[in-house]
Every structure is written in structure tokens, then in C-alpha cells.
Amino acid sequence: MFFFTPKTLVSGVKVSLYDTNGDVIQNDDMYEIKQYDDNIMYKVKKASLKTAGTYKVQGISYRNQETGNCPQTQELLLNLYVYGERIHLRLQRYDKIQIEGETKFVSRKNYLTKSYVRINAERDGILKCRGSNGLGDDTYNTTFYISDVKDGFDVFEFGENSIELRNGSAHEIIIAENSTITFTCGVCPKRSDTLDVFLNDSLLKSGERHSLHTVGNTLSNKTTITLQDAQLTDSGSYSCRIRNLHDNSYDYLNVTFTVKKPEKPVIWESNLNGEVLVDYPNMTYELYCHVSGIPKPAIEWYKIISGNPSQMRPKQFRES
């Protein structure tokens with residue numbers, strides 16, 4: 001129930017109230033209007049989400065002038081927030097542990113109520129949002145995990161000197177002969193409790209050449225594979241495999257290691273051609289230098305100190 005009383009300060013003022021749809025309010029099943037001396041009381045009998053919104057009070061007075069009655073209009077806008085029938089939002093896990101969220105009530109045509117909950121490591125699992133009022137409720141749920149592994153399942157950490165190439169689903173790592181093959185398979189334990197590694201379709205285990213090291217915690221299980229002194233014949237396809245807990249299906253991530261003979265660095269593209277004039281003060285000119293080589297070359301930039309070309313001072317810029 002909702003009351004408000006606009007006070008008429010001048011006798012002879014006609015007061016009208018308009019609902020959220022712009023229609024004049026009259027005595028009916030929804031509204032009640034009463035007048036007491038110079039005051040008019042408007043009563044919303046059953047406040048609900050449908051009656052929330054902006055109401056307009058309009059007062060019109062008439063003043064006698066030589067040319068006749070001259071109407072003067074004054075309007076006032078009122079916002080009605082329906083807290084007695086407001087929606088209650090809760091975020092729940094399926095074990096019925098209620099999570100406190102930050103709720104914001106917004107008076108709009110669509111009667112929107114927003115709720116936010118902060119994420120932390122204790123709130124993973126199946127989360128459910130439930131919105132309810134006196135007419136019923138609606139729910140939505142999703143499976144929610146927290147992990148330090150991208151997408152809950154990933155292969156990464158290939159070594160700083162390796163060359164990583166991606167083309168769609170194809171994933172290739174190029175390393176130099178006599179260097180080390182290394183990579184890590186990781187999975188979120190809420191997604192899978194198994195993690196296997198294969199080489200050319202054969203299950204890989206620690207042995208004479210390969211070493212496997214596994215660590216785990218609540219965020220992830222990770223297995224790191226290492227092969228030192230890689231030879232050309234060690235090129236092959238490695239696969240990380242997991243079995244999903246929700247349906248027992250298998251997922252794979254494949255990566256091909258290619259071992260190649262070392263190659264001397266070669267600059268194959270650059271704009272360092274003769275003298276370069278840079279406009280001041282814009283200074284928007286960018287120099288670039290693209291270098292190929294195996295293992296992956298490091299790129300540094302140097303400035304020759306004026307008057308002594310043989311003396312060079314290293315200055316590291318952005319690698320392209």
C-alpha cells in the first residue's frame with residue numbers, strides 16, 4: 001500500500017495524478033482518491049512491480065485577467081519504488097549454502113533487479129541464481145570452476161628458446177638439435193582426475209630419456225615432460241589426455257615437436273634502410289627488425305655513441 005498527498009497551496013487549483021502509463025488516476029480497484037480541506041490523498045491499494053515507476057502530479061490554477069481566465073500549470077514527478085513486493089535475489093550452491101550478493105533495485109519499465117556476487121576460490125561448483133517474489137520464482141544455474149590452467153585444460157611452458165607456431169588446431173614447436181624438449185600438461189581437478197601423456201600414440205612414462213614430474217593442488221594438476229639433448233629422430237607428436245568427470249568422455253590436446261639443425265640468425269625484413277628522418281614532435285616513426293634462426297634469436301638494439309663508432313652502448317627496446 002502506498003500513500004502520498006500533494007498539498008494545494010491556492011484554492012481553486014485542479015490537481016490531477018497520472019500513472020506510469022500516462023493515464024489519469026481515478027477511484028477504482030487499483031487506486032483511491034480522497035480530499036481533506038486543501039489536501040488530496042492518493043492511495044495505491046496494491047503496490048506491486050507493475051505499479052512501480054514514475055507518476056506525474058499536475059496542478060492547474062486559473063487567474064482572472066482582462067482577457068479572461070489564464071491557466072497556469074505546474075507539474076511534479078514522483079518515483080515509486082516497490083520495496084514491499086521487491087524481488088529477492090540469492091546465489092546458491094546446490095548444497096543450499098546461501099551466498100551474500102550485492103543487490104541493486106532499479107525502477108524501470110521492465111522492473112529490473114540486478115545482483116552481483118564476487119568470485120573467490122571457495123565458491124566453485126554448481127552455482128544457482130534464484131529470483132523470487134510473491135508470484136513465484138525463476139532460477140538459472142551453471143557449473144563454475146576456478147583454476148590456474150587456461151580453459152581448465154591446456155598445454156604450455158615450451159621453453160624460452162623454442163619457436164611456437166599455430167595454424168588453426170595445428171600446434172607445432174620447433175627446437176634446435178641438442179637442446180631440450182620440455183612442456184607442461186595441466187588440468188583443473190574439478191574437470192578431470194586423470195592426466196596422461198602420449199608420444200606417437202604410445203603412453204609415455206619416465207624412463208631412460210624422458211622424465212615426467214607431476215604436481216597438484218586444488219587449482220590444478222600439472223605434469224611436466226622433459227627430454228634433454230634432443231636429436232632429429234626425437235621429432236614426434238605428443239598428446240595430453242584427460243577423462244571428463246561429468247560424462248567420462250576423453251579430451252586431447254596435441255602438439256608436434258620438430259627438432260632441426262641449428263641455423264644462424266638472418267635478418268629477413270627491416271626498415272633500417274639508410275638514413276631515417278623522424279618528424280618532431282610527433283615522433284611516431286617505428287623501426288622494426290625481423291630475424292629468423294634456430295634456436296629462436298634474441299633481438300637487441302644498440303646506439304653508436306657519437307665520435308666513437310667502435311664503442312657501442314646496448315639499449316634494449318621492444319622485440320618485434
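**Labels and criteria**

The protein has zero helices and 26 strands. This is a predicted model: local features need pLDDT of at least 70, side-chain atom pairs count only at pLDDT 80 or more, and totals for chains, interfaces and linings use all residues. Residues are numbered from 1 along each chain as its sequence is written, and side-chain values use heavy atoms, with hydrogens and water left out.

Q: What makes residues 181–187 a strand, strand 16?
A: A strand is a DSSP run of E with at least two residues, and a helix is a run of H or I with at least four; both are numbered from the N terminus. Residues 181–187 form such a run, therefore they count as strand 16.

Q: Why are strand 13 and strand 16 called paired?
A: Two strands pair if DSSP finds at least two bridges between them. Strand 13 and strand 16 are joined by four bridges, so they pair. They run antiparallel. Val 155 stands opposite Cys 185 in strand 16.

Q: What makes strand 13 and strand 19 edge strands?
A: The open sheet has four strands in the order 13-16-20-19, with antiparallel pairing. Strand 13 (153–156) and strand 19 (210–216) each pair on one side only. Neighbouring strands of this sheet are turned by 15° on average, direction ignored. The angle is taken between axes, lines fitted to C-alpha atoms.

Q: How do you know that strand 14 and strand 15 pair?
A: Strand 14 (residues 163–167) and strand 15 (residues 170–176) share five bridges, in the antiparallel sense. Asn 167 has Ala 170 in strand 15 as its bridge partner. The two strands form a hairpin with two residues between them. Gly 168 in the turn has a positive phi of about 65°.

Q: What makes the largest nonpolar core a core?
A: A nonpolar core is a set of buried (under 20% relative accessible area, 1.4 Å probe, protein chains only) Ala, Val, Leu, Ile, Met, Phe, Trp, Tyr and Cys residues joined through side-chain atoms within 4.5 Å. The largest has 22 residues; among those touching the most other members are Phe 183, Cys 185 and Phe 257. Strand 16 gives the largest share, four residues. A second, separate core of seven residues includes Leu 17, Tyr 31, Tyr 55 and Val 57.

Q: What makes Phe 183 and Val 155 a contact?
A: Contact means heavy atoms within 4.5 Å. Leaving aside neighbours within four places in sequence, Phe 183 is in contact with residues including Val 155, Phe 158, Tyr 238 and Phe 257.

Definitions and conventions
Axes are lines fitted to C-alpha atoms, for helices over the stretch in contact, and angles run from 0 to 180 degrees between N-to-C directions. Buried means under 20% relative accessible area, exposed over 50%, partly exposed in between (1.4 Å probe, protein chains only).
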